[in-house]
Amino acid sequence: MPETIDTRFIQYLEDACGASVSEPQIIQHLWSGYGVCFRATLSSVNTSNKRFSKPTPVVAKCVTPPDVLSHPKGWNGEAGHNRKLASFKIENSFYQHLQPLTNQDCYVPRCIAVKQWQQGSMLVMEDLVSAGFSNTTLTLTVKRAKTVLAWLANFHARFLSFDASTVLKDVDVWSEGSYWHLDTRQDEYQRMPKGALKTHAATIAMRLANAKYKTLIHGDAKVANFCFSSDFSACAAVDFQYVGFGIGVKDVAYFLGSALSDEDQRAHGESCLSDYFTLLKQALTQRNIISPNEKTCLNTQQIDELIEEWKYLYSFACADFHRFLAGWSPEHWKINSELQRQTDIALSQL
Ligand SMILES: Nc1ncnc2c1ncn2[C@@H]1O[C@H](COP(=O)(O)OP(=O)(O)O)[C@@H](O)[C@H]1O
Ligand SMILES: [Mg+2]
């Protein structure tokens, strides 16, 4: 029997959209009991509301945090709790202010409503199934992985060099994108075994943070956060809780580690990375052609310099993620021979 949805959540959705809700269906519960993600159909309750005059399929991400006072973990729990609360706020802000700046080549579901209340929030989005992205998966072939690399290249190109202080002044994003960023993972850092990766953790994080060329990165670009067209030739991304500034290869390193087997990473990692850079260059050049006077455009020399810098920093991005895993879950399957090899490359360059 399908799990029924708490009627409070249905009520929140009706209130947020001023519409009636039918066919609610749970997709999944949010990580550690923070709420639920569900699909439903919205219809207008009266004829004056033209917005949902046609039944509209939506996905709602409803955040209802557990009571932290009843959590027995003290400061550890509290750091994680605060990070999660911040991440939902950031995701909502991203959908309201930045999703409209995305395009077909880095598709993100349209935002229908955001509602905030004292402890929780609700994000209502277009259902990607109705936009033609009906497939989800947990692993990809190398060929299919390239669909995501194209999405990442276009997203990174889209937000590259946006002047943070002006364009993003009302938008809440992480100053360092990704959920494993060292500043927000001190508990995991403390738990790491002694060794070169721990000793140099801060230096590695600094190398990434001090990169000359930065963009907005997705911050949690694992396969599960993409929905694909039926033939896997196009995709859209969801789950922007950890979107923020950073270098594009942070997303690429994490994505390849989540999508490909260790063997595929060893055999095809280089060609995947090279495809990503080709697509990034194309997207950046295209942007120059479409809007040559936009002050955020990079010239050819700058594009080459950026690619040079990000290529060099790829192994540092791998090592930085490895640092998080080594403290959080030292036996994790993502710590494989390729991650170790890239980590060794980074450490040898310090
Ligand atoms: N707008 C959407 N359209 C279709 N499916 C979606 C949409 N948003 C989320 N999903 C599905 O729901 C899952 C959970 O959403 P997500 O935002 O990733 O939550 P979580 O933070 O729990 O990972 C996603 O992996 C995706 O399969
Ligand atoms: Mg997710």
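Ser261 counts as partly exposed, at 33% relative accessibility, where buried means under 20% relative accessible area, exposed over 50% and partly exposed in between, with a 1.4 Å probe and protein chains only. Ser261 lies in the loop between helix 8 and helix 9 (262-290), with helices (H or I, at least four residues) and strands (E, at least two) taken as DSSP runs and numbered from the N terminus. The C-alpha atoms of Ser261 and Arg191 are separated by 27 Å, the two residues being 70 apart along the chain.

This is a predicted model, in which local features need pLDDT of at least 70 and side-chain atom pairs count only at pLDDT 80 or more, while totals for chains, interfaces and linings use all residues. Residues are numbered from 1 along each chain as its sequence is written, chains are lettered from A and ligands numbered from 1 in the order in which they are written, and side-chain values use heavy atoms, with hydrogens and water left out.

## Gly257 in helix 8

Gly257 has its place in helix 8, which covers residues 248-259, and with a relative accessible area of 14% Gly257 is buried. Leaving aside neighbours within four places in sequence, Gly257 is in contact with Gln265, Trp333 and Lys334, contact meaning heavy atoms within 4.5 Å. Gly257 and Asn336 are 79 residues apart in sequence, yet their C-alpha atoms are 8.8 Å apart in space.

Asn225 lies in the loop between strand 6 (215-217) and strand 7 (226-228), and Asp239 in the loop between strand 8 (235-237) and strand 9 (244-246), so the pair ties together parts that are 14 residues apart in sequence. Asn225 is buried, with a relative accessible area of 6%, and Asp239 also counts as buried, at 16% relative accessibility.

## Two residues with positive phi

Most residues other than glycine have a negative phi. Glu23, in strand 1 (residues 19-29), has a positive phi near 50°, and at 59% relative accessibility Glu23 counts as exposed.

Phe232 has a positive phi as well, near 65°. Phe232 lies in the loop between strand 7 and strand 8 and counts as buried, at 10% relative accessibility.

## Pro55 between two strands

Pro55 lies in the loop between strand 2 (35-44) and strand 3 (56-63), and it counts as exposed at 58% relative accessibility. When residues up to four places away in sequence are not counted, Pro55 touches Thr41, Leu42 and Ser43. Pro55 and Ala19 are 36 residues apart in sequence, and their C-alpha atoms are 9.9 Å apart in space.

## The chain as a whole

The protein chain has 11 helices and 9 strands. Its radius of gyration is 21 Å, close to the 20 Å that the globule rule gives for 350 residues, so the chain is as compact as a globular protein of that length; the radius is taken over C-alpha atoms, and the rule is 2.2 Å times the number of residues to the power 0.38. Along the principal axes, the C-alpha atoms fill a box of roughly 65 × 55 × 40 Å.

Of the 350 residues in the protein chain, 51% are buried, and among contacts between residues at least 6 apart in sequence, 74% join residues at least 24 apart. The accessible surface of the protein chain comes to about 16,700 Å², with 52% of it belonging to carbon and sulfur atoms, as given by the Shrake-Rupley method with a 1.4 Å probe, where for residues only the protein chains shown count as cover.
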